[in-house]
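This report walks through one protein chain.

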Amino acid sequence: FADARWPRGIVCKGGDEGVIGAEAHWDASRNFIAQVRGARRFILADPEEACAMQLLPRGHASHRHSSVDWSQPATQWPAELRSVRAYDVVQRPGDVLYLPQYHMHYIISLDRNLQCNSVRGRDLRETPKTRECLQLGPNFECSRPPTAFEVPVALLDADRGLVRACVVEFGPREAEPAAYPMFSDLPRPRGVSCRVVALDELVADARWRLGGQGGRPALEPSGFVFHLSRSGSTLIANSLQTAPKALVLSEPEILAEVLARAPSLLRDVFEVFGSSNYHTHMVVKWQSAMVVHAQRLAEIFPATPLIVAYRDPADILAAHLFEDKPPCAAPYRPGDKLGEASATLPGGNGEDVGRRCVARLAATMDAALALEDATFVDYGELPDAIDDIAARFGLPTVNVSRVAGVDAKAGGAYKSLAATKRAALPEDLWAWAAPHLSPRYAALRRR
């Protein structure tokens, strides 16, 4: 097997004489079919014949099937299908048929019968022709808009390169940036399910989506936005989304997971996200905790500009502690690099929620200050600095007025509660925190 770790179990199917066991289709994994009772007839065709099969494209309800009814007389078939070389096989009790992936097959029961099959293993070397015809074939226009395409949304197994992938519709965010502030808010087209798939296969799909061999390359990231939390990064991302045909990904969990756990896969994941035939630029806003991984990201994409949004730490601390469950006080998770750094600082291992938040914020500021080549943007410079950020990222003109006055995360009219939150910050906590945070803030402002 190309990858023997893809078991799909054993499935048994019965059939009666004259019944079509399966319309003409292909499977994406290797198939072992054992005949237990009776007989079945298989019509098989090599993947190299895929373009003649009138394949239905991904997104169609009968994806993977031929649009031609093979039960009809061949005189009613398209001429190119009639000329295909095919194999006529009758399987009887005790026979086992090995069917490589992407081989078209059509099954007819010759009598009452029973077969059992096991699907496992993939070999992406066999797929190019099928992918070319599937993605570029003019047989059916998929109803999916050009702003919707399949992307990974969760890393399931870093060692095996397994991800969960879904079709995501990016168009609504372009139309209303403030209504869809986070990647997780984006809608997924109805009737299109997610799937567990090898990242290699998603990359192969992405390349054919862009025109196959010799087609245009995927978009490279135009810019990265990091932040210290509650520092205006969502306003920045929403504003950048107003640039025509910009793909602004705001805190996608999949990118954070891959950068932290499997950075060797990061370029492949970005290639899939960059395989849009509609967008011209791609920007990523990362979670605040990911600033500890920013230097590694800069080494992977050295040509991509990186900015860090920051703010007076007293305001950040006040914004967190104003919430019923302060995000900064969440328990550290195994492998949480920021949590590990926080635990080494004063207050980081204590029971006091406020002091743990101070330690986490100090560790975040330290990680930002350690960046070798980044542009720092103070919250007080927003929104005026956004035009400069867009220019640095090479984006077309942005229209900040489309999102100005709108709450960047909750929608609706923006109402500042900064003064209320700051007034609620315990004086004794800030008295303890100021010697730890104020020097770091001064260092950020000098950058």
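## Disulfides

Cys328 and Cys357 form a disulfide, with their sulfur atoms 1.9 Å apart. The link of Cys328 and Cys357 is right-handed, with 75° about the S-S bond.

The model is predicted. A search of the whole structure finds three disulfides. The table lists them.

| Disulfide | S-S distance | Torsion about S-S |
|---|---|---|
| Cys12 and Cys116 | 2.0 Å | 105° |
| Cys166 and Cys194 | 1.9 Å | about 110° |
| Cys328 and Cys357 | 1.9 Å | 75° |

The link of Cys12 and Cys116 is right-handed. It joins distant parts of the chain: Cys12 belongs to strand S1 (residues 10-15) and Cys116 to strand S8 (residues 113-119), 104 residues apart. How accessible are the two ends, Cys12 and Cys116? Cys12 is partly exposed, with a relative accessible area of 45%. Cys116 is buried, with a relative accessible area of 16%. The cut-off for buried is under 20%, so Cys116 falls on the buried side.

The disulfide of Cys166 and Cys194 is right-handed too, given its torsion of about 110°. Cys166 lies in strand S10 (residues 162-169), whereas Cys194 lies in the loop between helix H3 (171-175) and strand S11 (195-198). The pair therefore ties together parts that are 28 residues apart in sequence. Cys166 is buried, at 1% relative accessibility. Cys194 is partly exposed, at 31%.

## Fold and packing

The chain holds 14 helices and 16 strands. Of its 447 residues, 51% are buried. Contacts reach across the sequence: among those between residues at least 6 apart, 81% join residues at least 24 apart.

In soluble globular proteins, nonpolar side chains tend to be buried together. Here the largest nonpolar core has 73 residues. Which members touch the most others in the largest nonpolar core? They are Phe170, Phe226, Leu255, Phe273 and Trp286. H11 supplies the largest share of this core, nine residues. Another core, of 20 residues, lies apart from it and includes Leu240, Val283, Leu382 and Ala385.

Leu255 gives a local view of the packing. Leaving aside residues up to four places away in sequence, Leu255 touches Leu249, Leu266, Val269, Phe270, Phe273, Val284 and Trp286. Leu255 is one of the buried residues of helix H6 (residues 253-261). Together, the buried residues of H6 pack against strand S9 (148-157), strand S13 (246-250), helix H7 (266-273), strand S14 (281-285) and helix H8 (294-300).

How many cavities of 30 Å³ or more does a search of the whole structure find? The search finds one. The largest cavity has a volume of about 50 Å³. Its lining consists of Phe170, Arg173, Glu174, Leu186, Gln241, Ala246, Leu247, Val248, Leu249 and His279. H3 and S13 each supply at least two lining residues. S13 gives the most, with four. By class, the lining has six nonpolar, two polar and two charged residues.

Phe170 lines the cavity and is among the core members that touch the most others. Leu249 lines the cavity and is touched by Leu255.

## Backbone geometry

Most residues other than glycine have a negative phi, and most peptide bonds are trans.

A cis peptide bond joins Leu382 and Pro383, with omega about 5°. Pro383 is placed in the loop between strand S16 (375-378) and helix H12 (386-392). Leu382 is also a member of the 20-residue core.

Ser229 has a positive phi, near 90°. Ser229 lies in the loop between strand S12 (223-227) and helix H5 (233-240). Is Ser229 buried or exposed? Ser229 is buried, with a relative accessible area of 7%.

Glu251 has a positive phi as well, about 55°, although it is not a glycine. Its place is in the loop between S13 and H6. Glu251 is partly exposed, with a relative accessible area of 22%.

How values were computed. Residues are numbered from 1 along each chain as its sequence is written. This is a predicted model: local features need pLDDT of at least 70, side-chain atom pairs count only at pLDDT 80 or more; totals for chains, interfaces and linings use all residues. Side-chain values use heavy atoms; hydrogens and water are left out. A disulfide is a pair of cysteine sulfur atoms within 2.5 Å. Buried means under 20% relative accessible area, exposed over 50%, partly exposed in between (1.4 Å probe, protein chains only). A nonpolar core is a set of buried Ala, Val, Leu, Ile, Met, Phe, Trp, Tyr and Cys residues joined through side-chain atoms within 4.5 Å. Contact means heavy atoms within 4.5 Å. On a 1 Å grid over the protein atoms alone, a cavity is a set of points where a 1.4 Å probe fits but cannot get out, and a pocket is an open set with protein on both sides within 12 Å along at least five of seven lines; lining residues have an atom within 4 Å of a point. Grid points are joined across faces, edges and corners, and a volume is the space filled by probe spheres set on the points. Ala, Val, Leu, Ile, Met, Phe, Trp, Tyr, Cys and Pro count as nonpolar, Asp, Glu, Lys and Arg as charged, and the others, Gly among them, as polar.
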